[in-house]
Amino acid sequence: MIAEFQICIAEVVAGSAAWLGRGLSCVCAQRRESDARPSFDLTPAQEECLQTLQNRIDIAYDNSIPEHQEALRALWNVAFPEEELRGLISEQWKEMGWQGKDPSTDFRGGGFISLENLLFFARNFPKSFQDLLRKQVGDRSLWEYPFAVAGVNITFMLIQMLDLEAVKPRTLVGATFLKFLAENDSAFDLLYCITFKLMDREWLAMHASYMDFNTVMKATRRQLEKELLMEDISRLEELPSYDLLDQ
């Protein structure tokens, strides 16, 4: 059933959407190129951190690059250490929640950074990672979201929410995030982990099924923006939703 689940990823450009998957509506609000949006000045340190992160975002997953192949194998090994992977193209990948036997086809919306995000999650918060992968917490739906493809959606949503492809942030939440990034070069990866757990909490609270995924993502984004803009938050570890993570 998981393999049949199709999630959209929208690239918001001049009101159009490019899709990964079929059948569900876009989780991101569309905008027009003519929309007037403010920009926020950056410190030299913030500019450098943003450029480094943008360089990561620009890297597409390429299954011909040995580093990318090894990262994918590493993801399998931390996810299923008890089961040997038979190949980078294998029906086994569906167990992790990829849409088919070749995970590389699902990275189009998130790029190599979405694989890096999953690896960071698995290595730094293994209990939370395994809980979500195996759906071990809460009253689960018969039709659950596929773990891996949901992860790619989360990467894409964060890039859009934080406006990370702009030269300068044009939203307050994006400008606020860069303050965290200047203090912690893993801030994007950490925020990804927080967001994944927050999404799952929203999923359970809504008693959601797979057709509710986009509604859950919108609720997750609203809550995350609210927390990022809270006063007296100087580190991502101080966000209320950080407490959802288990080592």
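Visitor: Quick one to start: does A74 count as buried or exposed, and at what relative accessibility?
Guide: A74 counts as buried, at 16% relative accessibility. Bear in mind that this is a predicted model.

Visitor: Where is the place of A74?
Guide: A74 is in helix α2.

Visitor: And what does A74 touch, not counting residues up to four places away in sequence?
Guide: Its partners on that count are L119 and R123. With L119, the C-alpha atoms are separated by 7.6 Å, although A74 and L119 are 45 residues apart along the chain.

Visitor: Let me zoom out. How many helices and strands does the chain have?
Guide: There are eight helices and zero strands. Reading along the sequence you get α-α-α-α-α-α-α-α.

Visitor: What share of the 247 residues is buried?
Guide: Buried residues make up 53% of them. The accessible surface of the chain comes to about 11,700 Å², and 49% of that belongs to carbon and sulfur atoms.

Visitor: Of the contacts between residues at least 6 apart in sequence, how many join residues at least 24 apart?
Guide: That would be 65% of them.

Visitor: Now helix packing. At what angle do α3 and α7 pack?
Guide: The angle is about 75 degrees, and their axes are 9 Å apart. Angles of 65 to 115 degrees count as roughly perpendicular, so α3 and α7 are roughly perpendicular to each other.

Visitor: Which residues make the contact?
Guide: From α3 you have I113, E116, N117, L118, F120 and F121. From α7 come F188, D189, L190, Y192, C193, F196 and K197.

Visitor: How does the contact of α3 with α7 split by class?
Guide: It has nine nonpolar, one polar and three charged residues.

Visitor: What is D189 in contact with, leaving aside neighbours within four places in sequence?
Guide: The contacts are R56, E116, N117 and F120.

Visitor: Switching to charges, how many salt bridges turn up in the whole structure?
Guide: A search of the whole structure finds 13. One of them pairs R73 with E70, whose closest N and O atoms are 2.7 Å apart.

Visitor: Where do R73 and E70 lie?
Guide: Both are in helix α2 (residues 66–79), three residues apart, which is about one turn of the helix. R73 is partly exposed, with a relative accessible area of 31%. E70 also counts as partly exposed, at 46% relative accessibility.

Visitor: What about E82, what does its side chain meet in a salt bridge?
Guide: That partner is R134, at 3.5 Å, N to O. E82 lies in the loop between α2 and α3 (111–124) and R134 in the loop between α4 (126–133) and α5 (147–161), so the pair ties together parts that are 52 residues apart in sequence.

Visitor: Is E82 buried or exposed?
Guide: E82 counts as exposed, at 57% relative accessibility. R134 counts as partly exposed, at 35%.

Visitor: And K127, which residue does K127 form a salt bridge with?
Guide: K127 pairs with D131, and the closest N and O atoms are 3.0 Å apart. Both sit in helix α4, four residues apart, about one turn of the helix. K127 is partly exposed, with a relative accessible area of 44%, while D131 is buried, with a relative accessible area of 7%.

Visitor: Which residues do salt bridges that share partners join into one network?
Guide: R56, E116 and D189 are joined that way.

Visitor: Last topic, backbone. What is phi of D163 near?
Guide: Phi of D163 is near 55 degrees, a positive value in a residue other than glycine. D163 is found in the loop between α5 and α6 (172–183), and at 9% relative accessibility D163 counts as buried.

Visitor: And what is phi of D232 near?
Guide: Phi of D232 is near 65 degrees, again a positive value in a residue other than glycine. D232 is in the segment after α8 (213–228). D232 is exposed, with a relative accessible area of 75%.

Definitions and conventions
Residues numbered from 1 in each chain as written. Predicted model: local features only at pLDDT ≥ 70, side-chain atom pairs only at ≥ 80, totals over all residues. Heavy atoms only, no water. Contact = heavy atoms within 4.5 Å. Salt bridge = Lys/Arg side-chain N within 4 Å of Asp/Glu carboxyl O. Helix = DSSP H or I, 4+ residues; strand = E, 2+ residues; numbered from the N terminus. Buried < 20%, exposed > 50% of the residue type's maximum accessible area, 1.4 Å probe, protein only. Areas by Shrake-Rupley, 256 points an atom, 1.4 Å probe, with all protein chains shown as cover. Axes fitted to C-alpha atoms, helices over the stretch in contact; angles between N-to-C directions. Parallel < 35°, antiparallel > 145°, perpendicular 65-115°, else oblique. Nonpolar A, V, L, I, M, F, W, Y, C, P; charged D, E, K, R; others polar.
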